[in-house]
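Please open the structure in your viewer and keep the selection tool ready.

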Amino acid sequence: MSPVGTVLRHLGGLRQAAFGTAPPTSRTPGHGTPHAASDLVPAPSRQPPGRQLPGRQLAAVAVGATGCILYNWWVVAAFDRTFIRTPDQLFSDLETPGLPHSALFQHLDLLSGVLLLAALLLRGPAAADGRRAEWPWLVVFAGAAAMGGHFTYACAEGLSPRCRAAEWHLQLPLHHYLHMGAGIVEFGAATVAVLLARHRTAGTGTGTARVAHLAADVLMAAYPLLAVSYLSHVDGAVVEPVFFLAFTAMMTAELLEPSGPVARPAPIPVPQPG
């Protein structure tokens, strides 16, 4: 045996004594120095979990997408003068008993809230950077949306000054005020969730970060308009959709966000010529 072979054999023996096994060696074409096969075979790459949604999250996305579509039933109503007679009307007015298709709109609201709640529970609070602080607020948002669909207005506040006067003097049935309270909680919880999501994802450059940042800016600009609209009873049908769209975008981003750390492919060692 040549001196080089003797040295390599002793080195292999030392490696086997140290690690218990001696990996097979192969010879790089064009070079005389053997290399361990593990150094030449690329490490198997793992598909990052953020690229492929696991089954439970995929189910949550499917359920949530259906809920988001139903949550935005106002899109159809907004372009039909049968329902929206004036821009000053509120979409909640359409669920008032006695108005055309009021029961349908009420049930769409209720079902959308239930589906969004189910999607959030399926998805869970996990995120790539730990637990999402905004998740409980999104659960409250979805629950309030369902509650608003269960309890309806007693009269069309956006259309009737008499209704607004009776509302102000607490002369309406309880379910009218429960609907109002559910709407306040719905908007408030969703807004807190957006702000928490923006804080959590700041500087990450992810899709969730971009959506949260844009949604927060839109909401902060739209709230003064909402206050003016509600206090003056004008343009309710114009201002409300801004919030519905912002909340929908945030829900969509949350459902699609990876639920675990993104694995990176192992680096492939480059053999050095002998």
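Begin by selecting Leu214, Val218 and Val242, which form a nonpolar surface patch of about 220 Å². A patch here joins residues with over 30% relative accessible area and no salt bridge, nonpolar side chains (Val, Leu, Ile, Met, Phe, Trp, Tyr) within 5 Å and like charges within 9 Å. A salt bridge is a Lys or Arg side-chain nitrogen within 4 Å of an Asp or Glu carboxyl oxygen; accessible areas follow the Shrake-Rupley method with a 1.4 Å probe, and for residues only the protein chains shown count as cover.

The model is predicted: local features require pLDDT of at least 70 and side-chain atom pairs pLDDT 80 or more, while totals for chains, interfaces and linings use all residues. Residues are numbered from 1 along each chain as its sequence is written, and side-chain values use heavy atoms, without hydrogens and water.

Stay with Leu214, which belongs to helix α9 (residues 207–232). Helices are DSSP runs (H or I, at least four residues), numbered from the N terminus. Leu214 counts as exposed because its relative accessibility is 55%; the classes are buried (under 20%), exposed (over 50%) and partly exposed (in between), with a 1.4 Å probe and protein chains only.

Next, select Leu170 in the loop between α7 and α8. Leu170 is not a glycine, yet its phi is positive, about 55°. Is this residue buried or exposed? Leu170 is exposed, at 65% relative accessible area.

Finally, move to Asp235, in the loop between α9 and α10. Asp235, also not a glycine, has a positive phi of about 55°, and with 37% relative accessible area Asp235 is partly exposed.

Conventions: Helix = DSSP H or I, 4+ residues; strand = E, 2+ residues; numbered from the N terminus.
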